[in-house]
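User: Can you walk me through this one? I'd like the ligand site and the helix beside it.

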Amino acid sequence: MRANVIAVKIDCGAADERCSTTTGVYVAIRNRIANQLQNGARRLTAYLPSAQSIEKFQSELDDVRDKIGDTRMERLFANHQGPQLLKWLHYLPIYERHFSPYREVGSVSLLELGVYRGGSLKLWREYFGPASQVFGIDIDPACARFDGDYGSVRIGSQADPDFLQGVVQEMGGIDIVIDDGSHVMKHIKASFETLFPLLSDGGLYVVEDLHTAYWPSFGGGYRSRRSFIETAKGLVDDMHHWYHRRAASQPFAKDQVAAVHFYDSMIVFEKRKVERPTSVMVGG
Ligand SMILES: C[S@@+](CC[C@H](N)C(=O)[O-])C[C@H]1O[C@@H](n2cnc3c(N)ncnc32)[C@H](O)[C@@H]1O
C-alpha cells in the first residue's frame, strides 16, 4: 500500500544560515521520506528542525553532501540557489554520463516534461550554456510564471500529441527529452510515442521516476502490460529484431533505437539510425 505524506514541515527559523541552501533542505526532506518509504511506513513525516536540533539536521545534510560527487552536474546541483529543484541524487552522475557529450557540442535543444518550481530549467541552462535551447512544459498554469527565467515554458499536457508537436515545431527540433511529468504510465507512453519520432538522430530520451511503473495507482504494476518498464523491455526485443521473427512493438523501434539504458527508476534511450550489425574477422 502506498503511504501518504501527512506532514512536511520546513522550519529552518534561526538556523537559516547554517542550512545554507534551499537545495540542501529539500534533499534532506526527500531522503527522509524515501527512508520512511523503504522501511514500509504508511504515515510519513518529514520535520526539519528548529534551532535546538540543528546539529542533528546539520549532520544529516553533511551525509547528503557526502553522497554528491564531483562531476559538473553534481557541483551545479549542490550549489543550486533559487527556484526549487527536485532530483534523486543518483540521477546526477547518470545525467553527466549521458549529457556531457552534448555539452561539448555547444548547443542543444532540450525539452523537459514537468516544470514544477522551475529549478530544473535553471540546472539545464547552467549545464548546457546560453547557446542551448531549454523548454519546459507543464499542465499547471502556475508554471507559466517561469517562462523566460531560464528557458521557455509552455502550458499543456504531456499526453496531448498536438500540444507536444506544436512545442517541438516552435523549438525547431529536439535533441534531448526529459520526462519528469506526471509519472503516470499512459502519459509517459503518449509522450514517448509522440516525441521519440521527433527526436533528432543522435538524440536522447530520458524517463525519470519509473518506480511508479510498479505502482497500480500510476497505472503500473509488476510485469504489468501497462508498465513503461515493460514497454522499454519490448524495445530491447525490437532492437534485436534481426535475430527473431516477432513483430516490433513500436513501428519506429526497429531501426532507430540504438541503446536502452536501465537504471534505478530511470531509462535513457539513445536514438540513432541503426543498420544490420556486421561481424568481421581481423588478424591471424
Ligand atoms: C516531479 S515535478 C517536476 C519536477 C521538475 N522537473 C524538477 O526537477 O524540479 C512534476 C510536474 O509534472 C507536472 N505534471 C503533472 N501531470 C502532467 C501532465 N499530464 N502534463 C504535463 N505536466 C504534468 C506537475 O504539475 C508537476 O509540476
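User: What is the mean pLDDT of the chain?

Analyst: The mean is 84, and 77% of residues reach 70 or more. pLDDT is the predictor's confidence in each residue, from 0 to 100.

User: Where is pLDDT below 50?

Analyst: Over residues 1-23. Residues 43-54 also stay under 50. Where pLDDT is low, the predicted coordinates should not be read in detail.

User: OK, ligand. Which residues are closest?

Analyst: G114, Y116, S120, Q158 and S182. In total, 21 residues surround the ligand (C-beta atom, placed from the backbone, within 6 Å of it).

User: Which elements give two or more residues to that shell?

Analyst: β3 (109-113), α6 (119-128) and β4 (133-138). Helices (H or I, at least four residues) and strands (E, at least two) are DSSP runs, numbered from the N terminus.

User: Now α6. How many of its residues are buried?

Analyst: Eight of its ten. Among them are S120, W124 and F128. Buried means 20 or more other C-beta atoms within 10 Å of the residue's own, with C-beta atoms placed from the backbone.

User: What covers the buried residues of α6?

Analyst: The cover includes α4 (72-78), α5 (91-105), β3 and β4.

Technical notes. Residues numbered from 1 in each chain as written. Predicted model: local features only at pLDDT ≥ 70, side-chain atom pairs only at ≥ 80, totals over all residues. Contact = placed C-beta atoms within 7 Å. Buried ≥ 20, exposed ≤ 12 C-beta atoms within 10 Å, placed from the backbone.
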